[in-house]
Amino acid sequence: MVGVLIIVLIIIAASLAGFLMYLSKGHGLFAKSKTHKSDAINDIAMQDVEHIFNDEFREELRNRGRLHFEKIIGENAMFLQQDLRLTTSQLNDYMKQEITRTLKEEFSKYEQSINDAKQLAIDSIEKTQATIEQQRQLMTQQLAEQLGAEKTRTIARFENHMADVVNHYIMTAIGNQIDLGDQLEYILNDLQENKDAIIEDIKNGA
Amino acid sequence: MVPEKSVVLPISVITYIDLSRVGRELSNLDDFMLQASIRKTGTPMQLPRLSKLLDDTAAINKLNLIDEKERKALLTALTYIKEHAPKIHISFSAEPNAQFITKIAENIRSTINPLALIQVGLQPTIAAGCILRTPNRQFDMSLRQQLRKSRPLLVELIHKTQAPVKPAVKTVEVA
């Protein structure tokens, strides 16, 4: 506060000195009418001014102003640094919040997309499973029908061939076990049964 | 003299081969007798030994083979039989023995034709029985044919066996 006052006083003094110098050179209101008197006053004023604002005082003022200016510069720099830090911190927070919010939104969208894709995949898989199950049931039904038909055919074929199998088995099993002597009565009976047909054929053949 | 149609074949002459053998032997005997008749009287000679077939044939027909006429008559009769006798082919599952064949031949000649000539064959696949073949027909009297005829009955029995059998006794559950 004092520094500011000193600076103001210096400015006022400099302005006053300048004004007096202007007047002393004859450019004021009393240039022509009071030339001599004014010159004397000007000289005195100049002397006083020179006496008050000598070089040491000026150097002192200059030094004080420089120091004050440096102090102000330093304080402002400190304030500026603080503001800058605060701003940076706020900016960081803001950026963090924005980034977090954006990331959350993006993640939310991404999660939603993933959920949608997941749901789509689940739906697709369920549809596929349903189709597969339907196909499986259809194939099972067809297989059962074909199996039943094949079973029926096989049983029919087996039954048709079973008689041959049994006959072949009997002939193979007992064919060599029956003695011709045991068969004599059986053969003679057959001959007796077919006697008429044989006689008829012999007559016709002869 | 024996008329051609009234000649009887002995049971020992069964096949056509037997008949041919008898005819051939009788022809040889006739030749021998002819040769003997043109030889000088008193020349030693030995009558050829007759086979049982020819012996039986002469005996059953009551013929004296020394007599040329009867010999010629038998030869003619045998030739007639060779040409006109019915030939029956009969197959068995195994090689039959002579006794078996004799009984079969007796039966055939007594019931079918007294001059029937029998040719015996072998068919092991028939298992049992016989297959008789006449000039125009075949009579399958084998076990194989009998089983084939019984096939519907066998299928029916198989179906009955496959049908579910109801339990005769009710089972009681014990708590």
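What share of the 206 residues in chain A is buried? Buried residues make up 3% of chain A, where buried means that 20 or more other C-beta atoms, placed from the backbone, lie within 10 Å of the residue's own. This is a predicted model, in which local features need pLDDT of at least 70, side-chain atom pairs count only at pLDDT 80 or more, and totals for chains, interfaces and linings use all residues. Residues are numbered from 1 along each chain as its sequence is written, while chains are lettered from A in the order in which they are written.

Chain A has 5 helices and 0 strands, in the pattern α-α-α-α-α along the sequence. Helices (H or I, at least four residues) and strands (E, at least two) are DSSP runs, numbered from the N terminus.

**Where the chains meet**

The contact takes 30 residues from chain A and 33 from chain B; two residues are in contact if their C-beta atoms, placed from the backbone, lie within 7 Å. On the side of chain B that touches chain A, H4(B) gives the most, with 6 residues. That side divides into 20 nonpolar, 8 polar and 5 charged residues. Here Ala, Val, Leu, Ile, Met, Phe, Trp, Tyr, Cys and Pro count as nonpolar, Asp, Glu, Lys and Arg as charged, and the others, Gly among them, as polar.

**Two helix pairs**

Axes are lines fitted to C-alpha atoms, for helices over the stretch in contact, and angles run from 0 to 180 degrees between N-to-C directions.

| Helix pair | Axis distance | Angle |
|---|---|---|
| H4(A) and H4(B) | within 11 Å | roughly 10° |
| H1(B) and H2(B) | 9 Å | about 85° |

H4(A) is therefore roughly parallel to H4(B) (angles under 35 degrees). Residues meeting there include A:Leu184 and A:Leu188 in H4(A) and B:Ile104 and B:Ile108 in H4(B). By class, this contact has 8 nonpolar, 4 polar and 1 charged residues.

The angle in the second pair makes H1(B) roughly perpendicular to H2(B) (65 to 115 degrees). Among the residues making this contact are B:Arg21 and B:Glu25 of H1(B) and B:Leu54 of H2(B). The contact divides into 4 nonpolar, 1 polar and 3 charged residues.

**The nonpolar core**

A nonpolar core is a set of buried Ala, Val, Leu, Ile, Met, Phe, Trp, Tyr and Cys residues joined through C-beta atoms within 7 Å. The largest has 31 residues, of which B:Leu78, B:Ile81 and B:Leu132 touch the most other members. Domain 1 (1-84) and domain 2 (86-163) of chain B both give residues to this core, so it lies between them; the domain bounds come from an automatic or database assignment. Leaving aside neighbours within four places in sequence, B:Leu132 contacts A:Ile198, B:Ile88, B:Ile90, B:Phe139 and B:Met141.

Notes. Buried ≥ 20, exposed ≤ 12 C-beta atoms within 10 Å, placed from the backbone. Parallel < 35°, antiparallel > 145°, perpendicular 65-115°, else oblique.
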